[in-house]
Amino acid sequence: MSSAFELRAPGPRGTPPLLARLVDDAALFPPGNATMPDAVRGHLDARVGDWAGAVGLFLCPASRLAELITELIKVKPVKPIALSLVIDTGLGGVPKAVSIVESRSELLSLRMVEMPAPSDVDEVWLERVSEFVPEDVIRVVEPRRGGPEWLDGVRRVIEHGSWPKLRCGGLSKENFPSVDEVADFLSVVSGGGVAFKATAGLHHAVRYTDTGTGFTHHGFLNLLVATARALSGGDVRAALSSSDAEALAAEADGLTDQAAHAVRGVFASYGSCSLDEPIADLEELGLL
């Protein structure tokens with residue numbers, strides 16, 4: 001299987017290695033909830049925009065695959081959309097969904113399949129995931145967070161050659177992991193030999209508290225810097241806790257290309273319901 005970074009080579013205008021293909025397009029998911037036509041048009045526009053090199057895969061639930069194909073037939077993309085298929089129809093629905101995508105290779109290129117794990121991250125279940133997803137497609141599995149058994153589940157996912165997924169937020173306070181939980185997750189994954197993907201809650205580059213909900217959101221730049229520190233023996237918790245945008249940006253900007261490749265070999269990408277917000281944050285911080 002290719003490394004995380006090989007799948008996300010730098011794009012137009014020399015996007016910095018730390019940011020290449022970082023942001024997967026989750027426009028269809030909450031809180032964005034874009035319509036399919038708007039999501040497809042937005043993604044195609046982003047792929048030819050100034051910072052196309054920072055844009056990763058297009059995320060689509062398996063239950064909306066037919067809708068996506070119908071829309072792509074209308075717009076006729078110049079080249080197939082690089083797709084991450086998010087399984088919301090149960091493990092048994094994976095073979096059919098994969099088959100549908102592969103039958104429309106002129107429209108879609110399947111790069112990743114993502115799915116939630118059962119509460120016990122059962123070994124037999126993980127074997128079936130390996131059987132159902134083609135070898136050249138990345139498998140991303142999200143163990144249910146909570147208690148020490150969560151990290152045991154993360155380890156089992158890694159042992160089976162899948163990428164664990166870290167959910168960083170959602171619609172309730174319980175969906176937001178603590179700094180300690182994220183640090184513990186990074187400790188396990190950074191020594192595990194595979195990459196991870198993050199999802200939900202990472203609306204901005206730097207940690208902040210939403211005045212409307214009162215929820216404190218992790219920042220994707222915090223997570224990048226924390227991953228770099230996890231690999232170099234630095235203070236991971238301090239990086240995750242920081243709201244000092246200038247200091248975080250300076251540390252990220254100071255990483256060598258080799259260090260940036262190593263970071264992205266661990267923190268492969270994250271899903272964002274907006275492509276504009278992260279790009280705007282990175283431009284404001286001088287990183288793009």
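Guide: This is a predicted model, in which local features need pLDDT of at least 70, side-chain atom pairs count only at pLDDT 80 or more, and totals for chains, interfaces and linings use all residues. Residues are numbered from 1 along each chain as its sequence is written, and side-chain values use heavy atoms, with hydrogens and water left out.

Visitor: In which helix is Glu123 found?

Guide: Helices are DSSP runs (H or I, at least four residues), as are strands (E, at least two), and both are numbered from the N terminus. By this numbering, Glu123 is found in helix H4.

Visitor: Is Glu123 buried, partly exposed or exposed?

Guide: Buried means under 20% relative accessible area, exposed means over 50%, and partly exposed lies in between (1.4 Å probe, protein chains only). Glu123 has a relative accessible area of 38%. Therefore Glu123 counts as partly exposed.

Visitor: Which residues form the negative surface patch?

Guide: Patches are made of residues with over 30% relative accessible area and no salt bridge, like charges being joined within 9 Å. Asp and Glu count as negative. Helix H4, residues 123–132, gives the most to the negative patch, with 3 residues. The patch is formed by Glu123, Glu127, Glu131 and Glu159.

Visitor: How many salt bridges does the structure hold?

Guide: A salt bridge is a side-chain nitrogen of Lys or Arg within 4 Å of a carboxyl oxygen of Asp or Glu. By this criterion, the number of salt bridges in the structure is 13.

Visitor: How many residues apart are Asp24 and Lys197?

Guide: Asp24 forms a salt bridge with Lys197, with the closest N and O atoms 2.8 Å apart. The pair links distant parts of the chain, for Asp24 lies in strand S1 (residues 23–25) and Lys197 in strand S7 (residues 196–199), and the two are 173 residues apart.

Note on methods
Patch = residues over 30% accessible without salt bridge, like charges linked within 9 Å, V, L, I, M, F, W, Y side chains within 5 Å. Areas by Shrake-Rupley, 256 points an atom, 1.4 Å probe, with all protein chains shown as cover. Charge placed at Lys NZ, Arg CZ, Asp CG, Glu CD.
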